[in-house]
Amino acid sequence: VSNVAAAFWYPYQVFPEDLIRQWAAVTHAELTRLSTVEGSGVLQQDTIELFTTKVSDPWWAELVPTRRASFAELPDGYDDGIVFPSPVAQMPIYLSYLEERFRRAGGTLSVREVATIVDVSSQCDVIVNCAGLGAAKLVGDTTMTPIRGQVVYVSQVGLSRTVFDQTGYERPVYIVPRSHDCVLGGTAEYGDDRLDPDPHATTAILERCIKLEPRLAGAAVLAERVGLRPGRPSVRVEVDDSSPGLLVHNYGHGGAGVALSWGCADAVVSLINAVTGTGR
Ligand SMILES: Cc1cc2nc3c(=O)[nH]c(=O)nc-3n(C[C@H](O)[C@H](O)[C@H](O)COP(=O)(O)OP(=O)(O)OC[C@H]3O[C@@H](n4cnc5c(N)ncnc54)[C@H](O)[C@@H]3O)c2cc1C
């Protein structure tokens, strides 16, 4: 699903807050740093989150510098807004960048389906399970739920700020400008695992986004995509004591896998070091 993500920093549809606070902060700092690295595909830009009523500061406001939107920044129908720096990872570029970094660090990739953890445990000293929604089958995690998300890619029309409105719970609206296109969303349909784009949803996404940003009326539709967010009541980052070897789980990141990624990776390394007694 990572390739489909709109991938702006926001702790969206991921739980619980006390667990993810540190991961979100670490990741914000690292994505901000990566936005200065050529070829990373990460862009530094602001997000404005819009609200139809006055709101108090969200819990994550202590993690990043925020300000209230001015009246002039609020589209019709909105009473409040919060503006904050929010790096955007342009996923196709960013994933290639990460893969290249992994290879340069001596990593090798082998692409195949793993039926059970036991099948690979004899070949590895440490296993980090990042199977996302696939963890439901791989480790029999019955708490996993797909959260279906549909997006529409359109041409760039000169936009440079992410706009986000999640007041409609199952139909968030977001406009994420990237270098050469914009990602428009979206949907958040719990328990729905249909992978085909729904044409009615595409029409609704375009209508809602154009209402928020009229310049999008002139944009060309490039593609529609669906991804299934790996929903879980709580992100799972822990050592699995029931495994014969060292197995660390790192899955269930819901709608914020990119926004928590570096923080969770640090947590995984710390867990491994704690068990093996090695330093970083
Ligand atoms: C429309 C949409 C918009 C989003 N926008 C954002 C956003 O703005 N910001 C944000 O932070 N997040 C966003 N997300 C959420 C984000 O995409 C996910 O949280 C994140 O990609 C999850 O990453 P992952 O690596 O855990 O899962 P995945 O990317 O799904 O990777 C899991 C991998 O494991 C492999 N796998 C699974 N089972 C097996 C097996 N048995 N054997 C071998 N391989 C296996 C899969 O093939 C896959 O390659 C969005 C999601 C969607 C759908």
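P16 touches P233 and S234, leaving aside residues up to four places away in sequence; contact means heavy atoms within 4.5 Å. P16 and S234 sit 218 residues apart in sequence, but 5.8 Å apart in space, C-alpha to C-alpha. P16 lies in the segment before α1.

The model is predicted: local features need pLDDT of at least 70, side-chain atom pairs count only at pLDDT 80 or more, and totals for chains, interfaces and linings use all residues. Residues are numbered from 1 along each chain as its sequence is written, and side-chain values use heavy atoms, with hydrogens and water left out.

Accessibility falls into classes: buried is under 20% relative accessible area, exposed is over 50%, and partly exposed is in between (1.4 Å probe, protein chains only).

| Residue | Relative accessible area | Class |
|---|---|---|
| P16 | 31% | partly exposed |
| Q150 | 0% | buried |

Q150 is found in strand β7, residues 145–155. Strands (E, at least two residues) and helices (H or I, at least four) are DSSP runs, numbered from the N terminus.

Now the cores. A nonpolar core is a set of buried Ala, Val, Leu, Ile, Met, Phe, Trp, Tyr and Cys residues joined through side-chain atoms within 4.5 Å. The largest has 35 residues; F8, W23 and L260 touch the most other members. Elements supplying at least two residues each include α1 (17–34), β7 and α6 (257–276). α6 gives the most, with six residues. A second, separate core of 20 residues includes Y78, V152, L159 and V163.
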